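Please keep the sequence and the coordinates at hand while reading.

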Amino acid sequence: MPEIMTDLTVPDLTMAERERILAKSALFDPPGVALADGRRDLIGLSRAELAAELAAIGEPAFRAKQLWHWIYHQGATDFSRMSSIARPLQEKLAEKFVIARPEVATEQTSADNTRKFLFRFRDGQEAETVYIPDRMEDRGAVCISSQVGCTLSCRFCHTGTQTLVRNLGAAEIVGQFMAARDAYGEWPSPKGETPRLLSTIVLMGMGEPLYNYANVAKAMHIVMDNEGISLSRRRITLSTSGVVPMMDRAGAELGINLAVSLHAVRDDLRDELVPLNRKYPIAELIAACRRYPAASNARRITFEYVMLRGVNDSEADARELVRLIAGIPAKVNLIPFNPWPGSAYQTSTRPAIARFARIVNDAGFASPVRDPRGRDILAACGQLRTDSRRARPAA
Ligand code: SAH
Ligand code: SF4
């Protein structure tokens with residue numbers, strides 16, 4: 001009897017919890033898309049919204065398709081360069097709309113060629129984006145932020161020391177990728193599986209993407225659209241600290257790869273390192289991973305595990321990890337802790353990392369040790385932070 005009751009009530013509870021998360025997230029939504037002069041930014045609109053904007057100025061539906069191609073395939077930002085559109089219409093569009101990018105406030109390049117951008121958005125708030133080129137081939141990952149700051153405060157993470165300022169809008173999320181591609185001159189969008197320099201997106205920058213699901217999902221639909229940027233869902237990975245009620249939804253609607261910031265295998269320790277664990281403990285998190293639809297042998301779930309010296313790096317931890325994830329098509333990314341000003345942990349020793357990796361690998365899970373990239377410019381995992389603050393509400 002109790003078991004049946006649980007089975008019946010869990011979906012309702014999950015749905016209610018999901019609604020609560022979405023409602024709370026909306027409180028942190030970005031300002032609207034209109035500029036001070038009244039023009040509207042076309043970036044970040046869905047195809048239907050773009051068509052509606054054009055219909056409002058009397059343009060037929062095929063214009064939306066045409067503009068989509070110019071904006072997201074060609075990377076055009078200037079209506080006057082859209083050669084398939086007649087001059088009078090170009091001028092009319094320029095009066096009503098813009099195709100904007102976030103402003104590059106600063107740009108730094110690491111000794112290992114990792115590049116970090118500090119982007120400033122229209123309201124002056126800032127977030128960081130990192131491009132990590134592959135060491136061997138002409139491709140690389142763009143690490144994108146989903147929020148300015150973060151509500152969660154994982155103990156080892158620099159972003160966690162910055163309170164949540166606001167969510168990034170779909171335009172700002174897509175805009176980070178588009179502006180990074182501007183910097184590398186990678187327009188028009190390479191077709192299909194053709195190698196590209198900016199070849200994958202990892203939602204692993206500042207913020208918790210599943211606490212800004214609506215904007216993240218909209219942005220990912222835009223980058224996946226096959227008449228534009230056309231990035232395959234297999235080339236996109238969303239990392240979450242474990243917002244369980246939103247994981248199923250992301251899996252069903254987006255089908256992108258999932259990375260889970262596990263970092264500890266016992267609830268007492270994970271409660272401390274990743275405080276969200278108090279709400280969604282390890283057993284619930286692992287159950288959500290088992291349900292994740294895009295997990296198959298070809299597309300495994302990535303478990304991220306930060307290696308903290310003497311904290312979570314014992315052989316017993318490694319054996320418990322293997323037991324927890326048994327049967328899940330998974331790999332385990334071991335991330336040597338990246339220090340930041342004021343951080344309280346040390347990176348595990350090389351032998352400790354090697355022992356840990358061996359145990360995980362022997363159990364049949366790939367266990368690559370993440371090569372720290374861009375540490376010298378504070379661009380590595382968990383080192384991002386900006387000076388943006390939340391304006392105090394008026395007294
Ligand atoms: N908020 C999401 C996305 C951030 S991804 C999440 O937490 O999953 C960034 C990854 O780097 C996460 O796995 C995060 O736990 C990890 N990380 C945070 N601080 C780190 C640090 N100082 N050193 C190494 N990895 C860190
Ligand atoms: Fe937020 Fe992720 Fe950093 Fe935790 S690790 S504080 S969830 S950005």
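A crossing of two helices is called right-handed if the near helix is turned clockwise from the far one by less than a right angle, and left-handed if anticlockwise. In this predicted model, the crossing of helix 10 and helix 11 is right-handed. On the helix 10 side the contact is formed by Glu315, Asp317, Ala318, Arg319, Leu321 and Val322, and on the helix 11 side by Arg355, Phe356, Ile359 and Val360. Sorted by class, the residues of this contact comprise six nonpolar, no polar and four charged.

| Helix pair | Angle | Axis separation |
|---|---|---|
| Helix 10 (residues 315–324) and helix 11 (residues 350–362) | about 25° | 9 Å |
| Helix 7 (residues 244–253) and helix 9 (residues 282–291) | about 5° | 9 Å |

Because angles under 35 degrees count as roughly parallel, helix 10 and helix 11 are described as roughly parallel to each other, and helix 7 and helix 9 are likewise roughly parallel to each other. In the latter pair, Val244, Met247 and Asp248 of helix 7 meet Glu284, Leu285, Ala288, Cys289 and Arg291 of helix 9, and the contact has five nonpolar, no polar and three charged residues.

As for the cysteines, with a disulfide taken as a pair of cysteine sulfur atoms within 2.5 Å, the count comes to zero disulfides. Cys150 is buried, its relative accessible area being 11%, and Cys157 also counts as buried, at 17% relative accessibility, since the cut-off for buried is under 20% relative accessible area.

Technical notes. Residues are numbered from 1 along each chain as its sequence is written. Chains are lettered from A and ligands numbered from 1 in the order in which they are written. This is a predicted model: local features need pLDDT of at least 70, side-chain atom pairs count only at pLDDT 80 or more; totals for chains, interfaces and linings use all residues. Side-chain values use heavy atoms; hydrogens and water are left out. Axes are lines fitted to C-alpha atoms, for helices over the stretch in contact, and angles run from 0 to 180 degrees between N-to-C directions. Helices (H or I, at least four residues) and strands (E, at least two) are DSSP runs, numbered from the N terminus. Angles under 35 degrees count as roughly parallel, over 145 as roughly antiparallel, 65 to 115 as roughly perpendicular and the rest as oblique. Contact means heavy atoms within 4.5 Å. Ala, Val, Leu, Ile, Met, Phe, Trp, Tyr, Cys and Pro count as nonpolar, Asp, Glu, Lys and Arg as charged, and the others, Gly among them, as polar. Buried means under 20% relative accessible area, exposed over 50%, partly exposed in between (1.4 Å probe, protein chains only).
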